[in-house]
Amino acid sequence: MDYSFKPCHFTNVHHDIPEVAISKLPVFSGGDSVAVKKHLSGFTCIMIMYCRSPQYNHEDVKMRLFVLSLEDDALNWFNSCPEDSFTSLQDIVDAFKDRYGDPDSSHCATKIVQHNESNVMKGSVVGERFQDNSSYQNVPSPCTITDQIHDNGKAGTNDNEKEDHKQIIQELMLLVKNMEINQTNYANDVRALCTHLEKCNREMEIMQNQHAKEIEAMKTNHDTEISFMQSKLSGLEENMMTMKANHDREINSMQNKLLTMDEEMTIMTFDHNNQLATMQANHKEEINFMQHCLMTINEKNDKVIKDMEEDHAREISAIKVEHSSQIDAIKIQFQKFQQWSKDERNQGTSIDQEPPYLL
């Protein structure tokens with residue numbers, strides 16, 4: 001089904017629809033005012049059963065549920081309505097009644113009578129005879145119609161009128177038969193409705209009795225629970241009083257301990273300050289002594305370092321003089337060796353022997 005909610009103008013936000021209500025909805029596809037009344041009655045029962053809770057008791061939920069109960073011709077009629085035509089469920093129901101008939105109004109009763117006449121009587125003369133009936137309750141009884149048939153049969157003056165009257169009489173007899181059948185059906189419906197109401201009343205009485213028993217049982221359980229809770233509350237109050245007394249004693253004991261600790265803390269603070277002052281004085285004297293010792297050590301170190309530097313300088317000078325003498329001797333020997341090698345080469349002798357100055 002192509003469900004469209006465009007004809008509806010929702011004045012509030014969309015709420016969730018109860019899924020179980022959708023499966024229980026009555027379906028209306030089109031029909032007379034009797035079907036309209038039956039559909040509205042079934043829809044009202046669904047609203048009472050599933051839309052009374054605050055979660056679903058909203059106008060937009062009811063409007064959408066009513067649209068979902070339509071199909072075929074009824075759904076096509078609703079979809080053909082202009083956009084934003086309906087702002088409440090009552091607007092949709094009023095338009096629905098105007099479209100398919102309202103069994104509680106005289107206008108719709110006239111539609112029922114005209115509908116039955118159009119299905120049974122095709123002649124224009126019969127239609128004129130019953131055009132003045134404005135409600136279903138004003139339709140003549142079968143006895144009245146039968147008397148009219150006999151009076152009209154006696155009033156005929158020629159063959160054409162007799163044929164017309166004969167045709168009218170046959171159509172009226174058929175109408176009377178249909179009316180009797182409808183009355184029987186309505187009576188059966190009324191009896192079935194009364195039976196259903198009696199059954200509902202019996203079920204209601206049973207439910208009321210069960211409800212009364214449940215209330216009595218709940219009241220008994222509630223009284224028992226209240227007594228138990230009261231006794232438990234009394235025990236809790238006694239425990240609370242005992243705990244409060246113990247707590248007060250502990251607080252007093254802790255306060256006394258705190259006072260004692262404050263006194264001890266004051267004495268310890270005084271002793272600590274005295275010890276700190278003594279330690280600071282001793283530390284100052286020790287620092288001064290250490291500074292004096294450090295100065296003495298620095299002076300001795302400076303003198304030792306100076307003496308060591310002088311000794312080292314004298315040793316370096318002596319080493320330099322000795323080294324210079326050795327270097328000069330080596331140079332002289334090297335020059336002699338070069339001269340000896342040159343002489344030996346000039347003489348053509350081998351240089352296998354040591355130089356004479358090294359022997």
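Is D84 buried, exposed or partly exposed? With a relative accessible area of 41%, D84 is partly exposed, where buried means under 20% relative accessible area, exposed means over 50% and partly exposed lies in between (1.4 Å probe, protein chains only).

## Basis of the model

The structure is a predicted model, in which local features need pLDDT of at least 70, side-chain atom pairs count only at pLDDT 80 or more, and totals for chains, interfaces and linings use all residues. Residues are numbered from 1 along each chain as its sequence is written, and side-chain values use heavy atoms, with hydrogens and water left out.

## Overall architecture

The chain has nine helices and zero strands, arranged along the sequence as α-α-α-α-α-α-α-α-α. Helices (H or I, at least four residues) and strands (E, at least two) are DSSP runs, numbered from the N terminus.

Of the 359 residues, 20% count as buried. The accessible surface comes to about 27,100 Å², of which carbon and sulfur atoms hold 55%; such areas come from the Shrake-Rupley method with a 1.4 Å probe, and for residues only the protein chains shown count as cover. Among contacts (heavy atoms within 4.5 Å) with a separation of 6 or more, 70% join residues 24 or more positions apart.

## Packing of α3 and α5

Two packed helices are described by the angle between their axes and the distance between the axes. Helix α3 (residues 59-68) and α5 have axes that come within 9 Å and cross at roughly 25 degrees. Helix α3 is therefore roughly parallel to α5. Axes are lines fitted to C-alpha atoms, for helices over the stretch in contact, with angles running from 0 to 180 degrees between N-to-C directions; angles under 35 degrees count as roughly parallel, over 145 as roughly antiparallel, 65 to 115 as roughly perpendicular and the rest as oblique.

On the α3 side the contact is made by E59, K62, M63 and F66, and on the α5 side by L89, Q90, I92, V93 and F96. By class, this contact has six nonpolar, one polar and two charged residues. Nonpolar covers Ala, Val, Leu, Ile, Met, Phe, Trp, Tyr, Cys and Pro, charged covers Asp, Glu, Lys and Arg, and polar covers the others, Gly among them.

## Individual residues around α4

S88 lies in the loop between α4 (72-79) and α5 (89-100). The residue S88 is buried at 18% relative accessible area, and S88 touches E59 and M63, leaving aside residues up to four places away in sequence.

D84 lies in the loop between α4 and α5 and has a positive phi of about 60 degrees although it is not a glycine. D72, in helix α4, has a positive phi near 55 degrees, again in a residue other than glycine. At 41% relative accessibility, D72 counts as partly exposed.
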